[in-house]
Structures are given as structure tokens and as C-alpha cells.
Amino acid sequence: MVVSDTFARPLRNLRLSVTDRCNLRCQYCMPERDYAWLPRKDILDFEEVSALVDVFAQLGVDKVRLTGGEPLVRRDLAELVRLIAAKPAIRDLAMTTNGVLLAEQAPALKTAGLRRVTVSLDTLNAGRFRELTRFDDHPKVLSGIEAAARAGFESVKIDTVVIRGVNDDELVALLAFGKSAGAEVRFIEYMDVGGATRWSRDRVVSRADMLGTLARHYGPIEPVSETTSAPAERFRLSDGTVFGIIASTTAPFCRSCDRSRLTADGLWYLCLYAPNGTDLRGPLRAGASREGLRGLIESTWRARSDRGAEERLGMRNRSPLVPLTTLKGDPHLEMHTRGG
Ligand code: SAM
């Protein structure tokens with residue numbers, strides 16, 4: 001069964017934010033000193049997450065990505081991986097991580113059934129990493145990428161948020177690093193999502209700018225033609241290296257977006273930019289039947305009309321999505337709560 005929304009977009013891709021906590025403080029995501037955290041008692045346990053995934057799977061979800069916050073700070077994450085990987089309906093199980101704890105956990109995650117890993121890496125320079133994240137963990141991230149390559153996942157990717165004046169001079173070096181590490185690199189445009197309180201239009205490096213920089217170094221770049229709902233458009237250099245660009249800010253792809261997000265405390269968001277989510281924890285803990293939950297999820301998706309990034313594109317004076325004072329009052333508005 002596949003359930004479609006008002007724009008015929010299927011419910012297929014579920015991002016599970018397993019924690020709102022993170023062990024880095026990236027300047028484009030968590031730049032503040034203090035945060036309001038989700039109450040511990042509200043965090044879904046693995047059985048609850050697994051039960052909700054079963055309901056989503058009945059409605060067509062076949063791809064799940066674990067994210068956060070930082071998913072590897074959630075204790076015993078491999079156990080959740082094992083529960084989800086065992087579901088025949090879930091044909092793809094992936095994770096997005098900052099890589100800090102990956103070296104120690106990669107083998108267990110692979111054994112538990114995790115198929116693909118994406119590691120966020122914004123710079124090859126350890127000093128710059130510290131400025132960007134406030135932590136000295138660059139060597140750990142690099143070891144994490146190596147360990148993931150050794151562990152034998154179906155794919156290891158590297159995600160880089162490109163920010164003007166911060167790391168836009170590293171595109172060529174990051175592609176070379178990705179090639180040597182056996183990891184496809186995806187460059188992400190800086191997004192004005194909740195939590196990105198330092199965002200401004202002039203700090204966004206557009207897809208066109210990135211392609212221009214890379215073409216000046218590598219020569220002609222050709223698009224890889226494919227029809228998927230994946231956010232990255234893929235390109236090939238003349239030496240065969242393939243990379244992706246996620247142009248969420250200047251060329252959003254709402255029309256093919258089949259993604260939704262479940263927070264660690266069971267709120268379900270249909271769009272990164274959506275002001276509100278649907279509470280699934282409440283009904284689940286109140287003993288709702290699977291049919292009841294399925295009905296709630298199905299009717300919510302069928303009514304979906306979000307085009308958050310496209311609507312932002314049309315704005316004349318664009319500034320950070322949510323003011324800091326509002327963010328402090330509601331952690332659900334943060335990217336690190338919703339999961340990127
Ligand atoms: N902690 C994990 C990590 O670092 O990959 C997973 C969570 S993080 C929120 C998921 C992704 O969101 C990362 O690739 C991160 O770079 C991206 N992200 C966060 N804030 C962003 C922003 N303002 N613009 C674009 N991407 C952003």
C-alpha cells in the first residue's frame with residue numbers, strides 16, 4: 001500500500017531522530033550556548049519506535065534513516081538497528097552521523113543490519129573543524145569514515161554544508177578526500193532551517209557557484225541522469241568521480257519530497273519548515289490500536305500540502321526561519337530535534 005498526499009507524493013521515506021542531543025555544536029545547526037532539551041520521560045523507547053515503524057511500513061514506508069541530534073550518542077543504538085533491519089518491509093536502513101563515535105560503533109552497526117552511512121564532514125582542516133563545531137574531534141571523524149569503509153556498508157557518503165567564507169575554498173580538496181576514502185561527497189547548500197540562527201542569504205553558496213568552482217578546477221562536469229526522489233542531484237567529473245549537490249535553498253525539490261520526520265519524543269513532521277507536527281507518542285502511550293495509529297498517519301499524509309522550501313524561495317527578505325527567543329521556548333522547532 002502506498003499513500004499519497006495532495007501533490008501525489010508517496011509516504012516512503014522516514015527519518016527517525018533518535019535523540020535531540022549532540023556531541024558537536026556546529027555553527028550552522030547548534031550555534032547557541034544553551035538549549036532546551038526534550039524531557040527524558042518523553043523519549044520513545046526502542047519498542048515504541050519499532051511499533052511506529054511497523055505502522056509506517058504498512059502505509060508504504062520502505063526507507064528509514066536514523067538521525068538526530070547525533071544518533072550515536074543514543075545508548076545501544078545497534079539494538080534499534082537490529083529491530084528495524086529485521087522488518088521485511090524496510091528495504092533500506094541508513095544513518096546520518098557526525099562520525100565522532102563511528103569508529104567504535106561501525107562494526108556492531110553493520111552486524112546489526114545497518115546498510116548505508118552518511119558522515120557529515122565540513123572541512124579537512126582540524127583547526128577549522130574546531131571553530132565550526134567547538135570540539136577537537138576532527139581525527140575521530142576521519143577515523144570514523146575509515147572504519148565505516150572497512151566495515152563493508154553498502155555505501156559510505158560524506159555530507160558537507162558549504163558556507164561562504166567558512167569552507168567554500170575546500171570543495172576540490174573534499175572531493176579528492178572522498179575519492180580516496182571511497183565515499184561519495186554531497187555538497188549541501190546552507191539552509192535557513194530552525195536552529196540556523198546565523199543564516200543569511202549572502203552566506204549561501206549556490207549549486208551554480210559550486211559547479212562553477214569545480215568546473216574551473218576539473219573541467220567539464222556532466223549531470224548524471226536518474227529519476228529518484230533523493231535530494232541530491234548527481235554529477236560526474238571527466239575522471240569518473242561522482243558527487244552530489246543538495247540545492248535545498250536555491251533549487252528546492254518539494255515536488256518530489258517523500259520524506260517525513262519522527263522526533264525522538266514521537267512528534268511527526270511532514271516538512272523541515274513546518275511549524276507543527278502530529279503527536280504520535282500520545283496515542284501510542286494511551287494504548288491506541290495499530291489501526292487507530294494507521295488511520296491518523298494516513299489521513300495526515302493524505303492532507304499534506306507542504307512546500308516549505310519552495311515557499312521560502314519566494315520570500316523577498318529571507319532571514320533565519322525561527323527567531324532565537326521562539327526557539328528557546330520550543331525545542332521541536334530546531335533542526336537537531338527534527339533530524340536533518
Ligand atoms: N548529527 C548528525 C550529523 O551531524 O550528521 C545527524 C543530524 S544533522 C542535523 C543532519 C544533517 O543536517 C547534517 O548533514 C548537517 O550537516 C545538516 N544540517 C544541519 N543544519 C543545516 C543547515 N543549516 N543547512 C544545511 N544542512 C544542515
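The structure is a predicted model. Helix α2 packs against helix α3 and also against helix α1, while α1 in turn meets helix α9.

**Helices α2 and α3**

- Helix α2 covers residues 77-85 and helix α3 covers residues 102-112; their axes lie 8 Å apart, at an angle of about 20 degrees.
- Because angles under 35 degrees count as roughly parallel, α2 and α3 are roughly parallel to each other.
- The two helices, α2 and α3, cross in a right-handed sense.
- On the α2 side, the contact involves Leu77, Ala78, Val81, Arg82 and Ala85, which meet Ala108, Leu109 and Ala112 of α3.
- Seven of these contact residues are nonpolar and one is charged, with no polar residue between α2 and α3.

**Helices α1 and α2**

- Helix α1, formed by residues 46-58, packs on α2 at an angle of about 25 degrees, and the axes are 10 Å apart.
- This pair, α1 and α2, is therefore roughly parallel as well.
- The crossing of α1 and α2 is right-handed.
- From α1, the residues Phe46, Val49, Ser50 and Val53 take part; from α2, the partners are Leu77, Glu79, Leu80, Leu83 and Ile84.
- Sorted by class, the contact of α1 with α2 comprises seven nonpolar residues, one polar and one charged.

**Helices α1 and α9**

- Helix α9 spans residues 290-302, and its axis comes within 10 Å of that of α1, the two crossing at roughly 60 degrees.
- That angle makes α1 oblique to α9.
- The crossing of α1 past α9 is right-handed.
- Leu52, Asp54, Val55, Phe56 and Gln58 of α1 form the contact with Arg290, Leu293, Arg294 and Ile297 of α9.
- Five nonpolar residues, one polar residue and three charged residues make up the contact of α1 with α9.

**Surroundings of the ligand**

- The side chain of Ser120 places an N or O atom 2.6 Å from an oxygen atom of the ligand.
- Met191 has a backbone N or O atom 2.9 Å from a nitrogen atom of the ligand.
- Thr97 has a backbone N or O atom that lies 3.4 Å from an oxygen atom of the ligand.

How values were computed. Residues numbered from 1 in each chain as written. Predicted model: local features only at pLDDT ≥ 70, side-chain atom pairs only at ≥ 80, totals over all residues. Heavy atoms only, no water. Axes fitted to C-alpha atoms, helices over the stretch in contact; angles between N-to-C directions. Helix = DSSP H or I, 4+ residues; strand = E, 2+ residues; numbered from the N terminus. Parallel < 35°, antiparallel > 145°, perpendicular 65-115°, else oblique. Left-handed = near helix turned anticlockwise from the far one by under 90°. Contact = heavy atoms within 4.5 Å. Nonpolar A, V, L, I, M, F, W, Y, C, P; charged D, E, K, R; others polar. Polar contact = N/O pair within 3.5 Å; in protein donor to acceptor, adjacent residues only side chain to side chain.
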